[in-house]
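Notebook open. I want to go through this one piece by piece and jot down what I look up.

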Amino acid sequence: MSEYLLEMRNITKIFPGVRALDNVSFTLKKGEIHALMGENGAGKSTFIKVLTGVHRPDGGEIILDGKKIEMHDPLVAAKHGIAAIYQHLALYPDLTVAENIFMGHEKMTKMKSIKWRETNNAARELLDSLGSNISPTDRMGSLSVAQQQLVEIAKALSQNMQILIMDEPTAALSRRESEELYAIASKLRDRGISIILISHRFEDMYNLADRVTVFRDAQYIGTWDVNGIDNATLVKHMVGRSIDQFFPKGNAKIGETLLEVKNLSRTGYFADVSFKLHEGEILCLTGLVGAGRTEVVETISGITKPTGGEILFKGKPVRIQSPNQAMKMGIGLLPEDRQKQGLFLPWSIMDNITLPAIDRFASGIFRSGKRERAEGEKYKDALRIRATSVDDTASSLSGGNQQKVVVSKLLSGSNRILILDEPTKGVDVGSKAQIYEIMRNLTEQGFGILMISSELPEVINMSDNIVVMREGRVSTIIPASEATQESVLSAGMPLEKQA
Amino acid sequence: MKTIKKIFLRWEWLLILLTVGVFFFFNDLNPKAYTLPKLMGQTRVYMVDVGFMALGALLILLLGDIDISVASTAGLAATIMGITYRAGAPFWLALIAAVAVGAVCGLINGLLVTGFKELFPMIITLSTQTIYRGINYIILKDKSVGSFPEWFGNLGYDTVRDAWFAEEMPGWVAGSPEWIQWIYNFVGDFPVMLLCLLAVFPFFFVWIHKTPGGKRIFATGENIVTARYSGIRTDRMKITLFTLNGILAAVGGIFLAARTGAVKYTHANGYEMQAIAVAVLGGASTAGGKGSVVGILLSLILMTCLKNGLNIVYNDSFIMNLSVGALLILVVLLPNIGQYISDYWRVLKRRKEAAQKASPK
């Protein structure tokens with residue numbers, strides 16, 4: 001019997017046009033948490049899909065418990081006790097928690113009717129063992145994302161799971177919820193379950209993992225003990241080069257007030273929000289997910305209408321009724337969900353970038369393909385978008401490069417105020433550093449940037465001033481130079497939870 | 001290389017290929033009745049009125065919406081034209097009234113679609129369809145309205161030869177080589193109605209494919225949220241295009257009235273589905289963001305060739321409709337099947353390569 005529960009040797013997977021995995025190896029011990037890291041497009045997701053039987057590998061072998069297995073079907077993976085929870089949960093929102101847990105292996109009588117009491121009791125037990133008090137009869141859709149993840153875990157437990165794969169589990173969670181998830185993961189480990197953790201957050205890895213494996217460009221780079229490798233080396237392995245200055249220093253001059261928000265309110269979402277944004281400033285809006293941050297910037301950029309308060313643009317009160325009007329004033333929004341709100345995925349990079357200001361590239365009434373191409377090329381070079389040409393579709397790009405295309409859209413117009421909603425969410429380390437650099441360059445040119453972020457190191461190192469929101473209201477505004485992770489965190493905590 | 005491949009993989013080539021195939025098939029079956037000049041005459045029946053509505057359907061499908069009230073709009077517009085003229089107004093005023101009615105019907109659709117986003121445009125226009133048709137019935141009951149000015153009746157039947165050419169072939173043509181005479185006759189066979197339709201196409205082509213405004217229509221249909229976030233006034237665009245669609249429907253209804261000579265409350269019944277079928281066959285996607293003006297034109301020509309051929313051979317409208325339906329679903333499925341096959345080959349090839357690479361060890 002080897003020391004490993006799972007061994008994957010020389011796995012290769014080929015898709016039309018790309019080699020998604022190239023001779024990749026991976027080992028997993030019983031009862032360990034093993035982090036799998038790498039930039040977007042490194043092959044992590046494909047690897048997981050091979051392990052769960054969604055994709056059939058074109059080469060290599062999978063050895064589970066000392067026996068070679070053919071993993072050609074998701075059902076085989078389930079039979080061997082391999083389960084995965086994804087960032088985008090695959091649940092039935094209109095069914096109850098218990099129904100979701102036992103979906104596909106319902107407890108039934110001989111007449112094929114469901115034994116409800118038994119089902120609910122079993123669900124109750126599973127949830128109890130995870131330390132949760134969710135009711136088995138609650139409707140799935142009424143739960144928070146964190147609770148839904150828990151149900152997914154309970155579902156996996158109900159099928160005698162021995163390996164759990166967590167794909168970006170904390171991406172949609174607040175800090176407190178993340179910590180609860182850490183506790184549950186540790187509990188599962190102590191029960192002897194092995195966990196494969198995929199995350200862009202180093203924090204997740206340091207909090208949980210025993211070992212870490214890095215993939216880069218579809219290849220296996222190495223496996224280390226988490227305690228045996230420092231952060232800089234790890235980042236270097238992930239990116240393939242060293243990043244000296246992760247957070248570039250800014251030396252932009254803070255100028256006149258560009259935008260002022262006074263007692264801005266929208267009933268049911270936020271109230272009495274006031275702050276000022278200056279030329280050359282990066283102002284960060286932070287707080288827990290759901291504190292009303294996105295709603296505030298959506299109101300400023302004309303997507304929704306305020307119910308009270310006012311917005312002053314360069315000292316003059318304005319009413320912004322639509323994104324079109326906001327853009328005419330020079331306010332551009334980088335939305336939270338770049339795929340659904342920021343991009344036309346089947347369109348080319350060039351067409352995406354030029355659309356907001358497309359009239360500028362016309363000669364007479366006709367569009368000019370030449371000028372549009374020139375504009376696309378300009379930003380592809382300036383922002384170092386990694387693609388073979390500006391004709392590549394947006395859907396073919398990695399998350400980081402997609403984000404750079406959305407940033408280009410904002411810059412191609414005549415915006416002076418940029419609102420960036422979670423600009424580095426789901427973006428790999430290399431592109432993250434580049435996005436920070438771009439932000440610094442822009443402030444030096446006099447842009448004002450209003451950024452929403454949940455990542456504390458980013459909040460503290462990138463911004464000049466920090467607006468912390470709590471339950472729809474501004475809790476405090478702190479200059480970044482005086483802020484610490486603890487002070488920002490506690491200012492964002494709901495009041496009744498403090499003590 | 002890549003661009004050349006792109007040009008040859010265009011949808012339009014398939015339509016041209018099919019049209020040529022259909023033409024020679026029926027021409028072979030029935031060389032006397034199925035000829036180019038006769039087909040040209042049949043464009044009045046199969047191409048012109050549907051053509052205007054198909055252009056409208058393209059606009060709406062580009063947005064990712066659908067409008068099934070256009071036939072009722074066309075009917076109502078023609079009826080208003082008829083009763084305005086009967087009431088003693090000059091005919092130009094009747095025409096303006098008809099177009100205005102079309103615009104109002106379209107505007108109402110646009111306002112409803114943008115005002116009640118939770119309702120499918122299909123449901124909204126399903127109800128306006130019956131409402132517009134209902135109003136039409138209240139106005140006309142089971143009577144018909146007709147006796148339009150003579151020139152309007154002629155519009156429905158005249159060819160270029162009838163309208164503008166001299167009785168006899170002019171001397172300079174008669175004395176020219178044969179191919180010039182052929183062109184002279186070919187142009188002479190054009191129905192005036194068809195010329196009116198063809199005159200509209202260049203404008204639509206330039207607008208949709210060559211101007212920033214056209215690009216914004218594609219953007220809105222591709223992803224309305226991104227479009228709005230990119231500064232496009234999506235509601236205003238939808239209202240405008242629905243209104244324009246209503247106007248095009250009215251124009252289609254007017255040309256149909258020129259051909260039929262009288263308007264009943266069932267005027268243009270069933271044309272909405274024909275228009276959508278033409279647009280989809282022409283490459284428009286019901287999911288929005290895809291379609292082309294050239295595709296519409298080619299699809300209209302193909303439909304004319306096919307329907308006329310079927311009509312001559314079988315003289316049965318049920319067989320005609322059945323065949324058109326079968327063609328539609330076949331052609332629309334074709335790219336999916338093609339994609340499936342090409343993907344399969346590529347993976348197979350790669351696998352072979354990988355196996356060869358691995359084996360020498």
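**Chain B on its own**

I started with the secondary structure of chain B, which has 17 helices and zero strands. This is a predicted model, and I read everything below with that in mind. I then looked up the extent of the C-alpha trace of chain B: about 95 × 60 × 40 Å along its principal axes. Of its 361 residues, 48% count as buried. I also checked how far in sequence the contacts of chain B reach. Taking those between residues at least 6 apart in sequence, 80% join residues at least 24 apart.

**Where B meets A**

Next I went to the interface. I noted 26 residues of chain B in contact with 34 residues of chain A. The size of an interface is often given as the accessible area lost when the parts come together, and I wrote that down too. For chain B and chain A the buried area is about 2700 Å², with carbon and sulfur atoms giving 58% of it.

How many salt bridges does the rule find across the interface of chain B and chain A? I got two. One of them I looked up by name: Asp359(A) with Arg216(B), where the closest N and O atoms are 3.2 Å apart. For polar contacts, I have ten residue pairs between chain B and chain A, both residues at pLDDT 80 or more.

Which helices of chain B supply at least two residues each to the side that touches chain A? My list reads α11 (192–210), α12 (212–222), α13 (224–229) and α17 (317–358). By class, I have ten nonpolar, six polar and ten charged residues on that side of chain B.

I stayed with α12(B) for a moment. Eight of its eleven residues are buried, so this helix is largely enclosed by the rest of the structure. I wrote the buried ones down: Pro212(B), Gly214(B), Lys215(B), Ile217(B), Phe218(B), Ala219(B), Thr220(B) and Gly221(B).

**Strands in chain A**

Over to chain A. I traced β11 (residues 257–266) pairing with β14 (residues 308–313) in the antiparallel sense over five bridges. Ser265(A) stands opposite Gly308(A) of β14(A). β14(A) also pairs with β15 (residues 316–318), antiparallel again, over three bridges. Here I found Phe313(A) with Lys316(A) in β15(A) as its bridge partner. β14(A) and β15(A) form a hairpin with two residues between them, and Lys314(A) in the turn has a positive phi of about 50 degrees.

**Thr299(A)**

Is Thr299(A) buried or exposed? I have it as buried, at a relative accessible area of 0%. Thr299(A) lies in helix α9 (residues 293–300) of chain A. Leaving out residues up to four places away in sequence, I list its contacts as Leu264(A), Arg266(A), Phe270(A), Thr304(A), Lys305(A), Pro306(A) and Ile311(A).

Most residues other than glycine have a negative phi. Asn10(A) has a positive phi, near 50 degrees, and is found in strand β1 (residues 4–15) of chain A. I noted Asn10(A) as partly exposed, at 42% relative accessibility. Asn263(A) has a positive phi of about 50 degrees and lies in strand β11 of chain A. Its relative accessible area is 43%, so Asn263(A) goes down as partly exposed.

Conventions. Residues numbered from 1 in each chain as written. Chains lettered and ligands numbered in written order. Predicted model: local features only at pLDDT ≥ 70, side-chain atom pairs only at ≥ 80, totals over all residues. Heavy atoms only, no water. Contact = heavy atoms within 4.5 Å. Buried area = accessible area lost by both parts, 1.4 Å probe. Salt bridge = Lys/Arg side-chain N within 4 Å of Asp/Glu carboxyl O. Polar contact = N/O pair within 3.5 Å; in protein donor to acceptor, adjacent residues only side chain to side chain. Helix = DSSP H or I, 4+ residues; strand = E, 2+ residues; numbered from the N terminus. Nonpolar A, V, L, I, M, F, W, Y, C, P; charged D, E, K, R; others polar. Buried < 20%, exposed > 50% of the residue type's maximum accessible area, 1.4 Å probe, protein only. Pairing = 2+ DSSP bridges.
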